[in-house]
Amino acid sequence: MGPPTNGELYRQMQRIRRFEETVLDRFPLGEFYGTTHTYIGQEADAVGVLSWLEVGDIVVSNHRCHGHFLAYGGSMHALAAELMGRSTGVSGGRGGSQHIQWRDFYANGILGGTIPLAVGMAFAEKQAGSGRVVIAFMGDGTLGEGVVYESLNLAALWEVPVLFVLENNLYAQSTSIQHNLAGSIEGRFAAFGIQVRAAQTTDVLQILDLGQESIAAVRMSAKPAALILETYRFSPHSKGDDVRDPHEIARYREQDPLDIHAARLKAGERAQIETEVEREIQAAFEQAGQDPPAQPASLGTPMDIES
Amino acid sequence: MNTVLEGLNEGLRACLRSSEQVYLLGEDLLDPYGGAFKVTRGLSTEFPARVLGTPVSEAGIVGAGIGMALRGLRPIVEIMFGDFLMLAGDQLLNHASKFRWMSNDQVRVPLVVRTPMGGRRGYGPTHSQSLEKHFLGMPGLRTVAINTLTSPGDLLQHAVLEDDDPVLLVEHKLLYPQKWGVDGGEFELSLSEGSYPASRLRIRSAPQASLTIAAYGYMAELAKQALLELAYEHEIFAELFVPTQLSPFLEQAWLASVSGTKRLLTVEESGLDLGWGAECVARMQEALGADLRARRVAAMQLPVPAAGELEQAVLPQVEGIVAAALSLMQ
């Protein structure tokens, strides 16, 4: 598979950026249920890594899943509809923002709880000889969860094809990494004999290269690997709950992955992509807003009462 | 007749034989050890690639089992002691039981978690509990308790091979050495319809039952003794109702027994407060109205002690069941 073009990378990042901005803009209008965890600032991670997915590869995501889902190829309209509680939503309105299931994409809002699932999925794929790999996203905050370390141990012991993508955005909700994390992130993976790659960049091209190398290594060896991406979210943890120093945010905004990458495009191409993305966003939210709300009649049952 | 342990061991072997998708994982399962209670003895020798001894990581291995189940395998995870199940509680609550429904039925989680529960072995507060009460009523999780009246191997095989929802299989550890099956002696048995049938046990040729004693797992063994004592010493004829599927609650099978007797005594080994018996009594009360009289026998609201006499005092005994039945029938 060839690498995506610069224009395509920009389009994917812009789709995520504008989707998330639209969600934040429109949240006060009462159009969405619950809350949201936006991915603004981290777009290059999902786009750079997931550009290398092959059909059937598995993505395991977390509470901050919109960017992962869109980069995976998920429908913007179905995601908007899910946030709005529409029957056309990705999960029919049952899951909401953090619980997104489509094809081989699985998201759950319980931090760390998904990591052993990713290991089990990779185990199943290896047994089946499918050649598929599992990409499991987690954040720095998730490193506080004990089950992560059980899972890293299992992944290394069983030698299963899973890539742990650790997006370090320096904050677990409101708490900075200095108050949350002892030791090193890299050392945590290395302790289990898991090969680590790391990037101190928000440049999608660099992440793209590392993503390719990491996924190829996992696919080739059928063993786990880790990719640590130093990043930053410009938006609040969820919405309106930001206590970070505005100067700090402004400083990181100078490394905005979209700006870095947009500089590589001709003005006309950039403008055209942005126009097309705006049109897509508008159509997605408009359609979702007109879709029928999820109905209690479709509540169904969580299981077969009798098997 | 086989023991329950042999039945489970043969059931596991049959599952592993019948489908390449079946994997068995847990701590210390491998031969020559063969599991802390020896339920898995011989299986790692026969199926070395599909029986996995795991690290001491209950959440990790249940989570891995969920991942396997989501991707087409039919895993069985053994938790060495039921007391350790809470370590995997999040996996059962927020993952195994949720994925099907919250994905709008796009995926299934055909996972079986088996674990020994219960006391009477002097293991003390953290190795003797009957913690299934905390998992009952969880939407999306089936909880099944084995007993000596229904084939443990058949229940297990159905759960592993046929049931596409997650199942928590509760095995009271005192059941392992017991023979299972009714040998045509003093009891007669009828089973409800369904893959996880409830048993109704009566003394052969006894008059119509005036009382239903409901118990699951090992408590059914105690209740069986109480049934005989009530009949022969007090001329009270009771029917023993033994569900295998505890959750979701299967009301029809209960009503088949309780609507006839209108007297219900529940027996459980976990603590009385806010427990299984309370739910069963409430269900029957709602269905039968003021006609129902009921009582519950359960453990004291204490940790399970180690010392024999203390443990005996805390956990339900045959005498307590008989006394409660007599009081109910006054």
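A residue counts as buried here if 20 or more other C-beta atoms lie within 10 Å of its own, with C-beta atoms placed from the backbone. Helices (H or I, at least four residues) and strands (E, at least two) are DSSP runs, numbered from the N terminus.

Now the ground rules. This is a predicted model, where local features need pLDDT of at least 70, side-chain atom pairs count only at pLDDT 80 or more, and totals for chains, interfaces and linings use all residues. Residues are numbered from 1 along each chain as its sequence is written, with chains lettered from A in the order in which they are written.

Start with α2 of chain A, residues 43–50. Eight of its eight residues are buried, so the helix is largely enclosed by the rest of the structure. Among them are E43(A), D45(A) and L50(A).

Next, the sheet. Chain A has an open sheet of seven strands, ordered β2-β3-β1-β4-β5-β9-β8, with mixed pairing. Strands pair if DSSP finds at least two bridges between them. At the edges stand β2 (101–102) and β8 (195–199), each with a single partner strand, so one side of each has no neighbour in the sheet.

Look at β1(A), residues 58–61. It pairs with β3(A), residues 105–107, in the parallel sense over three bridges. S61(A) sits opposite A107(A).

Last, the chain contacts. Contact means C-beta atoms, placed from the backbone, within 7 Å. On that basis, 37 residues of chain B touch 30 residues of chain A. On the chain B side, α3 (58–70), α4 (89–96) and α5 (99–102) each give two or more residues. α3(B) gives the most, with nine.

Definitions and conventions. Buried ≥ 20, exposed ≤ 12 C-beta atoms within 10 Å, placed from the backbone. Contact = placed C-beta atoms within 7 Å.
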